[in-house]
Amino acid sequence: MTNKINLRNIKDKLKIGLTGSAVLLILAILAIILGTVIIGGYKSISWEFLTQAPADGMTKGGIFPAIFGMVFSLMLMLIAVVPVGVATAVYLHEYARPGFILTKLIRGAVNNLAGVPSIVFGLFGLGFFIQFIGGGLDHSLGQTGLFGQPCILWASLTLALMNLPMIIVATEEALRAIPQAERAGALALGATKWQSIRHVVLPQAIPGILTGVVLVISRGAGEVAPIMFTGAAYYLPYLPKLPTDQFMTLGYHIFVMTTQSPDIDATVPIAMGATLVLLALTFSLNIIAIIIRSRTRSQLRKGR
Amino acid sequence: MSLKKRRFKYLGESLIEGNIKITATFAIVVVFLIFLFIMRESLPIFFNSEVQQEITFGQFFNGIAWQPVSDNPRFSLWPIILGSLKVTLIALFLAVPVAISAALYSSEFAGRRLKEFIKPAVELLAGIPSVVLGFFALIVMASFLKNIFGWEIRLNAVNAGIALGFAVIPSIYSLAEDAINAVPRSFREAALGLGASPWQTALKVVLPAALPGVSAAVLFGMGRAVGETMVVLMAAGNAPLFSFNPLNSTRTMTATIAAELGEVVFGSGHYHALFFIGLVLFLVTFAINMTSWVLFDGLMSKLYGAKK
């Protein structure tokens, strides 16, 4: 009998080890991708690489315009997505009645928005922002080709719509973590509902909202499909100045360099360098988000 | 506080609440608008006689060729539907066992320290932009696999499917782990008390109890895989062939839109055909996500009922 149990133990351990090897595989995938990009890309990285424009049909030079355009579009995206996302989360968690039909509809819509394929957002940006809104604006202003064409503004708004669910979910999680007693305390001291939200609830939710913001920046930086037709350009000899200009951006630049290059051997090292920059950016943003989150969680545990 | 002042305060209060409420309905408006505008741009295929000289709805299911820019254009959806199906199945074939085993391991067997390490690692994998995965699969992995397996065609459905699998592992993992974690402790205690080993408990009690949630996770991953664009655009070879062979070059629905919308003539039959593909994608992912959501919600309310 003990032999049997021992054998069972060993067999069980083996099976558990097998599921554990799935974890190892995930770590290995992460390490291989990271390792390849670092080894292939670190030689390209230099101060000149980060501050110069591409040259000679992207076979020489740097990636500065792509970084500049990426920062420009991400800032516009944040201006659009953060207020709307936070307000939606505040409504869902602080004002809405749980079983209410509107609440259910909003939740369903947020869930579905998160599942819409990124390329469909690109189609929507083209059909709605550029042709309907932009074309309509141009028409009513009596001009052509100012708003009714791909540009940073429309690309950023498309990205904003795509990332709306992420901000909402992060903010709601932060709101959920704030003890009900804090709200009750504020109300008992005579604060109105909005005053308690504005001065008691939201300040405590800031780390959570920040996590969402950081994640949205990271995802927005890497998204290509939604901006391909709404604003991103293959190559521009100048930096964009206005939101109505087209722009270059890092993710799209990587795609263009690896799939449209006339001399792929010359562009691959540059593309590797650009990929390393993008990956370093998204990784550090994700790590920042993870750290903020674990800090707030341990603070919460202490507070209770 | 005077009555006047107080009245003013409550007016402000309801104004703010009203504003927040209106903003919150924005998500509904957006989903509705997306559907409306994709629909609007695909409808001419059904109703506009000028467009119908180029393409009709019937052509989508007639024949097996997608050749929109040839002299005699053909618009059959079969090759690109097959392409999406092939790549998605390959991705799930890789991602489902890995993600679910990892979820089972981290919630049932891993110590607290290890657990706090696995989750961020999966989040980092989720944080890799799809264009980077596509780049990796196109430049590095394709040549590597070709050399090992002696493939004739470097960029094919298997290559793209594997990279796509990397992209959906985190989605499946996180939902599956939530589902497994939601199984009440009493289930495990009962099984262990009856003499089951930890492995038997995990496999025969916990996993079956979490099964609706785990299926929801698989569906969720499937929705992601069908909708993913950059990986398949870069790594699958981009040829809309009607072929069941996974080692042939392939084009998915998403990649077709991404590859062709840039060059299409505005308002042409081809243009509306691409929006129609977008409509199909929207509806398919909508249905998959809804099913996943209903399954997951059902499981959660059942398990939380059991906890009481």
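How far apart are the end C-alpha atoms of helix 7 (residues 130–149) of chain B? I started my notes with that one, keeping in mind that this is a predicted model.

**Entry 1: helix 7 of chain B**

I found the end C-alpha atoms only 25 Å apart, although the helix has 20 residues. A straight helix would reach 28 Å at 1.5 Å a residue, and helix 7 of chain B falls short of that. I then looked for a bend and got about 45° at Met141(B). I also checked what comes after the helix: Gly150(B) follows helix 7 of chain B, and its phi is positive, near 65°.

**Entry 2: the layout of chain A**

I moved to chain A and counted ten helices and two strands. Reading from the N terminus, I wrote the order down as α-α-β-β-α-α-α-α-α-α-α-α. I took the extent of the C-alpha trace of chain A along its principal axes too, and it spans about 70 × 65 × 35 Å.

**Entry 3: where chain A meets chain B**

Next I looked up the interface. I have 77 residues of chain A in contact with 75 residues of chain B. The buried area between the two chains came to about 6900 Å², with carbon and sulfur atoms giving 81% of it.

The side chains of Arg293(A) and Glu123(B) form a salt bridge, at 3.2 Å from N to O. Polar contacts across the interface of chain A and chain B come to eight residue pairs, counting pairs with both residues at pLDDT 80 or more.

I then asked which elements of chain A make up the side that touches chain B. Several helices each supply at least two residues, among them helix 3 (64–95), helix 5 (118–141) and helix 10 (264–303). Helix 1 of chain A brings the largest share, 16 residues. Sorting that side of chain A by class, I got 49 nonpolar, 21 polar and seven charged residues.

**Entry 4: a salt bridge inside a helix**

Last, I searched the whole structure and found ten salt bridges over all chains. One that I looked at joins the side chains of Glu172(A) and Arg176(A), at 3.8 Å from N to O. Both residues lie in helix 6 of chain A, four residues apart, about one turn of the helix. An α-helix has 3.6 residues a turn, so residues three or four places apart point the same way.

Terms used: Residues are numbered from 1 along each chain as its sequence is written. Chains are lettered from A and ligands numbered from 1 in the order in which they are written. Side-chain values use heavy atoms; hydrogens and water are left out. Contact means heavy atoms within 4.5 Å. Buried area is the accessible area (1.4 Å probe) that two parts lose on being put together, summed over both. A salt bridge is a side-chain nitrogen of Lys or Arg within 4 Å of a carboxyl oxygen of Asp or Glu. A polar contact is a pair of N or O atoms within 3.5 Å; within protein, one must be able to donate a hydrogen and the other to accept it, and residues adjacent in sequence count only if both atoms are side-chain atoms. Ala, Val, Leu, Ile, Met, Phe, Trp, Tyr, Cys and Pro count as nonpolar, Asp, Glu, Lys and Arg as charged, and the others, Gly among them, as polar. The expected span of a helix is 1.5 Å times one less than its number of residues. The bend at a residue is the angle between axes fitted to the seven residues ending there and the seven starting there.
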